[in-house]
Amino acid sequence: MQRKKIDYSNEHIKYLKLKKTDKITTILAQIFLLITIIALWELLTQLKVLDPFFWSSPSRMFKTLFDMISSGSLFEHIGITMAETILGFIIATALGYFIAVLLWWSEKLRKILDPYIVVLNALPKIALGPIIIIWVGAGMPAIITMCILICVVITTLSMLSAFLSCDKDKIALMRSMGANKFQILFKLILPNALPEFVSVLKINVGMSWVGTIMGEYLVSKAGLGYLIVYGGQVFKLDLVMASTLVLCLLACVMYLFVGILEKKVRKK
Amino acid sequence: MSDDYLQLKDVSLSYHTKEGEIKALKNINFCVKQNEYISIVGPSGCGKTTILSLISGLLKPSSGEVLFEGKKLDKSIQIGYMFQRDNLFEWRTIYKNVILGLELKGMAKDKQSLERANNLLKKYGLYDFKDCYPSELSGGMRQRAALIRTLVLKPKVLLLDEPFSALDYQTKLNVCDDVHSIITKEKQTVIAVTHDIGEAISMSDRVAILSSRPSIIKTVQEIHLQHIDSPLKRRESPEFSKYFDNIWKEIDNAEKKD
């Protein structure tokens with residue numbers, strides 16, 4: 001059971017070294033690829049092979065970023081988009097999880113709602129944009145609603161299938177020990193579906209960004225999605241590229257955050 | 001030791017599906033004595049597991065009744081149920097798995113019960129592993145933990161549903177010995193379902209042979225062996241192969257009647 005320290009054989013040391021070199025070369029190649037793209041982009045735009053008016057360039061991008069940072073407007077836009085995304089993410093995940101629990105609880109409800117869920121899942125949520133704006137008003141509420149709509153159905157469906165895939169024997173075991181439905185839910189179904197919950201979180205990180213940016217494309221006066229749309233409309237490609245870059249970084253950070261959470265859950 | 005510790009009286013059961021009705025069991029009658037180990041064997045798909053589900057209360061009989069000490073079996077009588085796989089919860093430590101039943105019954109803080117759990121873990125060599133997760137244990141140890149989880153609740157009757165069939169042969173023989181000795185020490189009354197005739201003979205006092213669907217009990221074979229210390233020893237008894245032959249023929253006949 002306990003892992004002891006063992007003197008590895010030469011062959012094993014060689015194997016470990018090989019694994020390590022393999023990892024290092026991969027990372028080096030990844031960095032190299034990134035630098036090459038940036039350098040090539042800069043070079044081609046400097047040489048006017050690509051028109052920087054249409055293509056922007058790394059140096060112009062960073063200059064735009066720097067200006068936005070020094071004026072403080074960047075953080076304002078980031079703050080708004082982050083707030084929308086995180087709020088949408090949390091509400092959608094909680095709501096979807098809760099609906100999944102309800103549907104697990106009642107087979108009848110599940111059967112009745114089944115066609116509605118199928119339709120909702122198939123429907124491109126962006127089509128609901130105008131309705132959302134009319135119903136909840138333009139601005140932040142509409143954006144968050146869009147974000148929730150995009151995440152909630154997939155959350156419900158994934159969690160429900162995780163709940164339902166629980167081993168029948170384990171449920172029978174719980175019942176043979178006298179468990180009621182609440183106990184089966186809280187002591188078996190929910191903890192059993194924890195790994196699936198973490199993968200839903202990972203999916204939702206991506207989906208909530210999609211929802212928020214889509215929402216901002218439709219209605220907004222601030223936020224990264226707004227910057228991208230606005231930049232596109234007035235042909236400020238520097239702004240579009242810079243905002244996209246920031247968006248990439250933020251999505252990465254949020255993804256890493258969930259990744260850490262996943263590791264903690266897996267350890268248990 | 002009364003004859004009617006657990007009794008199945010004229011028990012029939014039908015499954016209903018859209019396609020129709022399937023008669024699984026027909027007028028099953030048999031008694032289990034206290035501290036007895038009885039195995040149920042029969043052709044595959046004959047409803048062996050159904051009998052266990054009936055006794056455990058997971059299914060209700062279409063007709064007939066299950067009696068415990070002369071009274072109708074209800075929720076107040078604890079029945080232990082062990083499955084083919086150990087069904088330990090991977091997110092709980094061995095200790096937490098073992099006290100699961102106590103938690104469900106609101107006895108997780110009951111000192112006496114917890115002491116019993118700890119004592120069983122100590123007695124059967126799992127105490128050092130109580131903070132390990134199931135994935136860190138071998139198949140045999142996991143099955144032992146599952147058995148302790150059931151025993152903590154002091155079941156009146158222990159139901160085993162092919163509890164050894166998921167193990168490889170070598171492990172299976174050892175785990176059989178292991179489980180048999182624990183069951184004997186804890187003075188359990190056991191009804192086991194198996195398709196392994198050798199296992200049935202080596203573990204049981206009696207072996208009930210079911211016919212194919214709708215199942216009735218064809219015969220009940222009493223097992224008297226020369227060696228009785230452990231299932232492994234019992235397998236070496238001279239009468240072992242005779243019993244094996246008899247039971248095998250009975251099951252074979254039952255299958256051919258289809």
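Which residues is B:Q143 in contact with, leaving aside its neighbours within four places in sequence?

**Entry 1: ground rules.** I am working on a predicted model, where local features need pLDDT of at least 70, side-chain atom pairs count only at pLDDT 80 or more, and totals for chains, interfaces and linings use all residues. Residues are numbered from 1 along each chain as its sequence is written, chains are lettered from A and ligands numbered from 1 in the order in which they are written, and side-chain values use heavy atoms, with hydrogens and water left out.

**Entry 2: B:Q143.** I found B:Q143 in helix α5 of chain B, residues 139-151. Helices here are DSSP runs of H or I with at least four residues, strands are runs of E with at least two, and both are numbered from the N terminus. With the sequence neighbours set aside, I listed B:M82, B:F83, B:Q84, B:D86, B:P163 and B:V175 as the contacts of B:Q143. Contact means heavy atoms within 4.5 Å. I also checked burial: B:Q143 has a relative accessible area of 3%.

Entry 3: I traced six strands in an open, mixed sheet, ordered β6-β7-β8-β3-β9-β10. Its edge strands are β6 (79-82) and β10 (217-222), each pairing on one side only. Strands pair if DSSP finds at least two bridges between them. I then looked at β3 (37-41) and β8 (190-193) of chain B, which run parallel over four bridges. There, B:Y37 has B:V190 as its bridge partner.

**Entry 4: chain A.** I noted domain 1 (10-50) and domain 2 (60-267). Their centres, taken over C-alpha atoms, are 33 Å apart. The domain bounds come from an automatic or database domain assignment.

Conventions: Buried < 20%, exposed > 50% of the residue type's maximum accessible area, 1.4 Å probe, protein only.
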